[in-house]
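I opened the model to look up a few local features. My notes follow in the order I took them.

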Amino acid sequence: MAEQKLTVALGDQTLEISTGKMAKLAGGSAVVQLGGTVVLVAASAAKTAKPGLDFVPLTVDYRERTYAAGKIPGGFFKREGRPTEKETLSSRQIDRPIRPLFSKHFPYETQIMATVVSSDQENDADVLALVGASMAMCLSDIPFPEPIAGVRVGRVNGEFVVNPTFSQLDESDMDVVVAETADNIIMVEGGCREVPEADLVQALEFAMEHIRRIVAAQRDLASRGAKTKRPLVDPVNTDELRNALTTGYAERIRTAIRIPGKEARQEEIDATAAEAHQALSERFTEQAAYIGKILHDVERDELRHMVLSEGVRADGRGLDDIRKISIEVGVLPRTHGSCLFTRGETQALAVTTLGTKSDEQRVEELEGQSWKSYMLHYNFPPFSVGEVRPIRGPGRREIGHGALAERSIEPVIPADTMFPYTIRIVSDILESNGSSSMASVCGGSMALMDAGVPIKAPVAGIAMGLIKEGDKVAVLTDILGVEDHLGDMDFKVTGTRDGVTAFQMDTKIGGISFEVMRSALERARKGRMHILDHMHQALAAPRAEMSPYAPRIIILNIHPDKIREVIGPGGKIIKRITEETGTQIDIEDTGEVRIAAVNGEGGRRAEEMIRNITEDPEVGKVYQGKVRSVVTFGAFVEIVPGRDGLLHISEIDHHRVARTEDVLNVGDLVMVKVIGVDREGKIKLSRKALLPEPEGGVPAGVGGRDRDRDRDRDRDRDRDRGRRR
């Protein structure tokens, strides 16, 4: 196929889609460009089938080459390594809208690879990769029913913007990625600044206008030279096996699906499947692997029948009922903030930790380096669902759920100037039966308030589901795991009482209409208000005082020219301050100094020491200094780290001091008063100015002439001894 190109106008920019020049040996390939950002996407399927698969054998990988932005990878190994969080999230973003359209009767392992080969550091490549993935699939020999497209929608100054640049997103109150066919919504995800539900629907309608043009361009390009599609594999005829399972086993599954508890329900389903295997495996040797699949279909059909025909769900709830909620805050004694959030059989332990600026996370991406002072991490241990598996770090699901929860709470996090802490939330899922990411949002919000973080408002989240058979449609509130697994939609919405902060919608069918979307958003709003009421009862507002184990941060600003004096040669001064006060100190090039201390007195002492270093000594000011050296005419006293003053022997005491060592020695702490600063900045100190003057003058024999006489006698004796030698 010769090189082919098409362009689509998107706002002020032009999207270019081309094929026939790169990766021509792949099953299908496309190059998508917007501005100076270019993504190459290739799709290929294995040559041999893997029959009997009970899942869609699709893998999606998104990778960013650092050369795309003219960079060389950092670290010891100068090449790209494991995928970054951004790459993982972008891979999921491509996978989620394509997988529902992928036929289950195509048992060939399929891989889509999107590679960012050029980046102008202004246009995000993730939505371009989604368009390229659809185009590559349409051009390949892989059966794919229809093209899809994705765009990002922002809103700047009240006006919607398609595929906004990074700088435009900084000014936008929403960041929404939409994937659709020409007629239906397949996937939505994004974050907002407490935006009303009606505004979200408008954003989706705006996205649809541009998506239809991109879909039309893909159809045009595919018509010029797409490969012939491989035939789908006909399903195995299992009618006889189905009939055998209908007598007894299928009815037990229909009864089991109505058991309210997850564990009891699953135990009965597993026991029924095991008995069916034992009874029928020898009779249906070649089809034994299909016993579980057929019973799974019975379970699915019964659940959907219950919802659509009876309005009853697996645990006996109505369509809009929310499970029982339990919220406990301050459950862990030594953490900065904690919450145990339980909704039905889903439980999250959320913990907030407050750190300093040095705890910020450095993020290196194609668009440049940045720092994160707020982060949320989600963990899904196997015991939460009664399973056993090795722990090998966070997977794609954990990274995706954590990113959704993090995005949900981010709009209410206070600005750094108001609350100068690095904030980390960890959500450990202890039980899981649906919507653990939403439990993380609720628990994380409460843990922040328990830690005393002055968030703008609490955030709650709820997951909505969908069952659709022909014209019958049922939207479910607060879905169970089985309803997510056997249903047609998973729609998560988070927000405050004032509006939506984040949402994520995935479908398992060819898409949903705007009418269903509106209904789901409205029901999610009502559910969110119900949960926020429970959260308010547990803790109405952020605590006035932080945990005694949390650091206290003091911010002061010094002149940038004084930074060198605070740090000292080789960091000597600042190291001494931190050791003496037990604090952590961070200094910015602007002169901003942040002092973090668990002990409030240590923080105030460090602040005083830094102020004393950076401020010129004032005549009349009193310091506690340390004697650094002793000379015949007095002592040099360090009044602040790195700054000495002269305490003349005549200013040590009210009486005449013969020798400095009679009163002071190196290392002594002494209270002194500044009595003068000369033109060269030399500081004159006095100790006697702080001592009460003795009544009746200087006592006899204490000093003066008696001490001088003794000193002269000792000197004469030494001189005589010298002559005798």
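I began at the hairpin of β3 and β4: two residues lie between the strands, and G35 takes a positive phi near 65°. Helices (H or I, at least four residues) and strands (E, at least two) are DSSP runs, numbered from the N terminus. The model is predicted, so I kept its cut-offs in view: local features need pLDDT of at least 70, side-chain atom pairs count only at pLDDT 80 or more, and totals for chains, interfaces and linings use all residues. Residues are numbered from 1 along each chain as its sequence is written, and side-chain values use heavy atoms, with hydrogens and water left out.

**Strand β3**

I counted seven bridges between β3 and strand β4 (residues 37-45), and the two run antiparallel. Two strands pair if DSSP finds at least two bridges between them. In β4, A43 is the bridge partner of G28. I then turned to strand β2 (residues 13-19), which is antiparallel to β3 and joined to it by four bridges. There I found S18 opposite V31 of β3. Is β3 mostly covered or mostly open? Six of the seven residues in β3 (residues 28-34) are buried. Buried means under 20% relative accessible area, exposed over 50%, partly exposed in between (1.4 Å probe, protein chains only).

**Negative patch**

Next I looked up surface charge. E263, E267, D270, E345 and E431 gather in a negative patch. Patch residues have over 30% relative accessible area and no salt bridge; like charges are joined within 9 Å, nonpolar side chains (Val, Leu, Ile, Met, Phe, Trp, Tyr) within 5 Å. A salt bridge is a side-chain nitrogen of Lys or Arg within 4 Å of a carboxyl oxygen of Asp or Glu. Helix α7 (residues 262-280) gives the largest share of the patch, three residues. I located E345 in the loop between β12 (337-343) and β13 (346-355). E345 counts as partly exposed because its relative accessible area is 31%.

**Nonpolar patch**

V622, M671 and L690 form a nonpolar surface patch, with about 220 Å² of accessible area together. Areas come from the Shrake-Rupley method with a 1.4 Å probe. I placed V622 in strand β25 (residues 622-631). At 39% relative accessibility, V622 is partly exposed.

**T228**

Where does T228 sit? I found T228 in the loop between α4 (197-223) and α5 (239-246). T228 has 72% relative accessibility, so I logged T228 as exposed. Last, I checked T228 against Q168: they are 60 residues apart along the chain, and their C-alpha atoms are separated by 42 Å.

How values were computed:
Lys, Arg positive; Asp, Glu negative; His and termini not counted. Charge placed at Lys NZ, Arg CZ, Asp CG, Glu CD.
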